Amino acid sequence: MEQYKLFDAEYKFASIVWENEPINSTELVKLSLDKLGWKKSTTYTVLRKLCERGILRNEDAMVSSVVKKEDSQKYESQTVIEKTFNGSLPQFLTAFLGESKITKKEAEELKRIIEEATK
Amino acid sequence: MTSLFTDILNMSITASYVAIAVIIIRIFLKKVPKVFSYVLWLPVLIRLVFPFTFSSNFSLFSFIKTNTQTSTGALAYVPNNIGLMRNPSVDVGINRINNVVNSSLPAGKIATSVNPMQIIMGIASIIWVVGIVILLGYSIITYLKLKSSVRTATLVKDNIFETDIITTPFVCGFIKPRIFVPVGMSENELSYILEHEQTHIDRLDYLIKPFAFLVLIIHWFNPLIWLSFALMSKDMEMSCDESVLKKMGNDIKGSYANSLLSLSVKRSRVLIGSPLAFSESKIKSRIKNIISYKKPAFGIIAITMIVTIALIVVFTANPKNEQSPISEAMYAKYNISSLISNKTLYIGNSGKVVALIDAMPLPAGIVRDTVELQTLKEPYGMTINLTMNDASNVTVRGAIDTGTFYRNSILLFSLVDNVDIINYKVVDSTGKYDGAAYGFTYTREMVDKLMGEDVRTYAVSTDKLKILIDRLKSMFVDVKVDSSYNDTTTAIETDVTTAIATETTKAIDTTTAIATDTTKEEKDQIEKYLKVIMSADTSSNPNDYIKAHDIEYQSILKMGDNALNYLLAQFEETPNNNDLRGHIMMALCKELLGDRNNVTDESLSPQDWVLQLKPYEEIELSDFHANVSDKIEQLVYDAAVKQYSQSNGKKPSPPDYGFTVVAPTIFGSYEEGNNLKIIVTVYSSRFRLYEKTLSNVGGSVIPAAITYTKNADGSYTLDEYLEAKDGSYFGKSIKEFCVMPVSKKEITGLYDKILKDYASNKNRSELLMENLIEHLKANNQKGIVLKQIPDGLVPLT
């Protein structure tokens, strides 16, 4: 059986539905705000997406699941946003400011330095 | 926009100096907590944002020897009017850079209508704005994109959200900042990271950094500011790390460093090269900083704190505009060091020009008011407005000591390379002289002629300048020029050179009016000058001797009739005057006599000349009195003659200034109730009559509004004679009086009519001649000729 891949946020959201289905959409918004800290619009956007993918179903403001928890799989996002300083600055600056990735060799060297210093 | 760009450019240069200093000092602050390095960026930020700061004796900019401070206190390396300069130049305080930059700046050509530098500055400011728009737009879009992509991050607790689309934690938001962390961090790791991010929030870094970035965007053209921003960010992070360690204890060092490392290793899954990185990666130095961190001793902290605070003050303060100790700097009442250091090529450098003016003495009782600079087009000029607040010190018999003004203006011509005209305007605020205004105008041409050389050659060194001051001191020996030739700069603004030509003749002319006995000092002075003139090593031609020492020659002329009386007495005392001394004395006498000289034969020897000399007596005539049938015209003539008469109403009357003749153009008369207003332009001219020769001694063409009140018997009483104001106020002041006398309703078309008419004085000149002839006839003066500068003698009656 095909496993449905869900990203972290989608998985958490779907979990709320699995636990409470069938659930009124207004109620779902409320729960999402409490548990996920989501705004109403965010909740509806994610709900719509999951409905389109056939994972959830929204009929007459009642939400229920199509795919069950056992058939789904939490999946790590491929579209990783490269963090830029405090998230508010353009990405091209990261390179300039030296806030870039380190090589494997450098990482190992640093690891050694830390170990030595904290022995 | 160009001027805003110039301001930004100046702030950027100022900040660059501070930034360089901070970068150097940071090297010595490696071992102390990074918070000190971090706060040192504050002065850089202040310099980038505020053009003005406080002044202090202790300022970084006291070391950087520029003379760039403007009167408002802002530091300006690039003058705001650089686009308008004949030879644009900047002064960043480092001579080598100045030379390189200045030699690359294009010079303005007289023939081109737009200065190339103006275009360059215009283009540069457009590029600057475009850069800001692009960077700002890009940043905002990036921010909004990020914000929307973390929308689905899920709440962990409080303000902490987790999401799987990021790999490193960060703080986002301006009002209610949220901490975003990647999904799946270990509890241990998370606690340190959260502590770190929370510290950022507590220290308001989430606001400071975007603000600093905004400032960076404004100064995007300055690579030093980019470097500063990068280093500041690093200092911010490290000082934040240190805060965490301080709070959670030294024991967590290892785990904290490991968390940072593991985060960046995670990120390096998508490792790409970083060609622009200029130093070891930030994470590396952060980790090194963390593991080497130990709480420094209290003493070190205290000392560093004091030093840091002192540095912040020094970096933020502007230098005080004070000069070096007076004893060394003063020379004959001139602040010589200030004069030399504020020497400038451009009158547009207002800070320097004002500093120069203030380094020169003024007669006691006179204080400086505003200084106006005419920098937009040639002739470049300055007007120094002065206020007389104590007349007793200033005037002797109503005469102002103009020697000081002459000396000062010659020095200004020497030190300000491109100034063409200098005006001194003195306004009497004592009330003693009816708030009269006195104007003195000097031109470069005049000064170069007087000095016989380009006075700018003296501006090269302190010693040379002292020589000039010495020369000037001996030239103007307290010559008192009668001050009542006021308002000389009014009216004939359109032809400045003419006005100045009259000014010079008048200045000499008026001295003759004070016919007093020659004092012993004056006699000595004249002898001294004569001796100097005769000492010249030149040909036998007396004119060459005069040319060689024109200053001394002019100085004798300045003494007016006192010198004349003495010289004529000398002729009588000596039996034979046909020597060099006699020739020089004759030349002097001829100039001093002017129109009074009855001898026309120029070939006579001094002895023969003096024998034939019988100076013309001046014939004193009253002012012109018109007799016209038109009631309005008669009123105008009476009011105008009264206005421009030099003898009427003033008791004691000032030394004779001849008689006044006027020629008005009447634009209209407006009556409302009992009030009458007549709008005119009046050409007034003063003449002196020597025997049969008339000479013009001054005049003006000024639009005016004359107001009257109608009396019960139908006659009118003059209320006010309101003249149009001078210079830039000319049009405005005319507009103001072109209104109905009572209702103040604008009289349409009148203003344009006056201005159009003002362009030509032809009709008034003809009328003036008619009136003059009529006046001479009425006074039974026959066979009179008028001396006119280009045309020679013109017979009138």
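Student: Let's start with B:Thr154: is this residue buried or exposed?

Tutor: Keep in mind that this is a predicted model. Buried means under 20% relative accessible area. B:Thr154 has a relative accessible area of 0%, so this residue is buried.

Student: Which residues of chain A does B:Thr154 contact?

Tutor: B:Thr154 is found in strand β2 of chain B, residues 154–157. If we skip its neighbours within four places in sequence, the contacts in chain B are B:Ile160, B:Phe161 and B:Glu162. From chain A, the residues in contact with B:Thr154 are A:Asp8, A:Ala9, A:Lys12, A:Leu36 and A:Trp38.

Student: And how far apart are the C-alpha atoms of B:Thr154 and B:Val181?

Tutor: Along the chain, B:Thr154 and B:Val181 are 27 residues apart. Between their C-alpha atoms, the separation is 9.9 Å.

Student: Over to chain A: in what order do the three strands of the open sheet come?

Tutor: The pairing in this sheet is antiparallel. The edge strands, each pairing on one side only, are β2 (23–24) and β3 of chain A. With those two at the edges, the order in chain A is β2-β4-β3.

Student: What angle does helix α1 of chain A make with the direction of β4(A)?

Tutor: Helix α1 of chain A, residues 8–20, packs on the sheet and touches β2, β3 and β4 of chain A. Its direction relative to that of β4(A) is about 100°.

Student: Which residue takes a positive phi in the hairpin of β3(A) and β4(A)?

Tutor: β3 (residues 56–59) and β4 (residues 62–65) of chain A pair in the antiparallel sense over four bridges, with A:Asn58 opposite A:Val63. The hairpin has two residues between the strands. The residue with a positive phi, near 50°, is A:Asp60.

Student: Back in chain B, why do α1(B) and α7(B) count as oblique?

Tutor: α1 (residues 2–28) and α7 (residues 223–248) of chain B pack with their axes 10 Å apart, at an angle of about 45°. That angle makes α1(B) oblique to α7(B). Their crossing is left-handed. Roughly parallel would take an angle under 35 degrees, whereas this pair packs at about 45°.

Student: How many nonpolar residues are in the contact of α1(B) with α7(B)?

Tutor: Among the residues that meet are B:Ala15, B:Ala19 and B:Ile23 in α1(B) and B:Leu224 and B:Leu231 in α7(B). The contact also has three polar and two charged residues. The nonpolar residues number eight.

Student: What is the handedness of the crossing of α26(B) and α27(B)?

Tutor: α26 (residues 730–737) and α27 (residues 750–758) of chain B pack at about 135°, with axes 9 Å apart. They are therefore oblique to each other. Residues making the contact include B:Phe730 and B:Ile734 of α26(B) and B:Tyr751 and B:Leu755 of α27(B). The crossing is right-handed.

Student: Last one: which elements do the buried residues of α13(B) pack against?

Tutor: Helix α13 of chain B spans residues 350–358, and its buried residues include B:Val353, B:Val354 and B:Ile357. The elements that the buried residues of α13(B) pack against, in chain B, are α12 (336–341), β9 (366–374), β10 (381–388) and α15 (403–415).

Definitions and conventions: Residues are numbered from 1 along each chain as its sequence is written. Chains are lettered from A and ligands numbered from 1 in the order in which they are written. This is a predicted model: local features need pLDDT of at least 70, side-chain atom pairs count only at pLDDT 80 or more; totals for chains, interfaces and linings use all residues. Side-chain values use heavy atoms; hydrogens and water are left out. Axes are lines fitted to C-alpha atoms, for helices over the stretch in contact, and angles run from 0 to 180 degrees between N-to-C directions. Angles under 35 degrees count as roughly parallel, over 145 as roughly antiparallel, 65 to 115 as roughly perpendicular and the rest as oblique. A crossing is left-handed if the near helix is turned anticlockwise from the far one by less than a right angle, and right-handed if clockwise. Contact means heavy atoms within 4.5 Å. Ala, Val, Leu, Ile, Met, Phe, Trp, Tyr, Cys and Pro count as nonpolar, Asp, Glu, Lys and Arg as charged, and the others, Gly among them, as polar. Buried means under 20% relative accessible area, exposed over 50%, partly exposed in between (1.4 Å probe, protein chains only). Two strands pair if DSSP finds at least two bridges between them.
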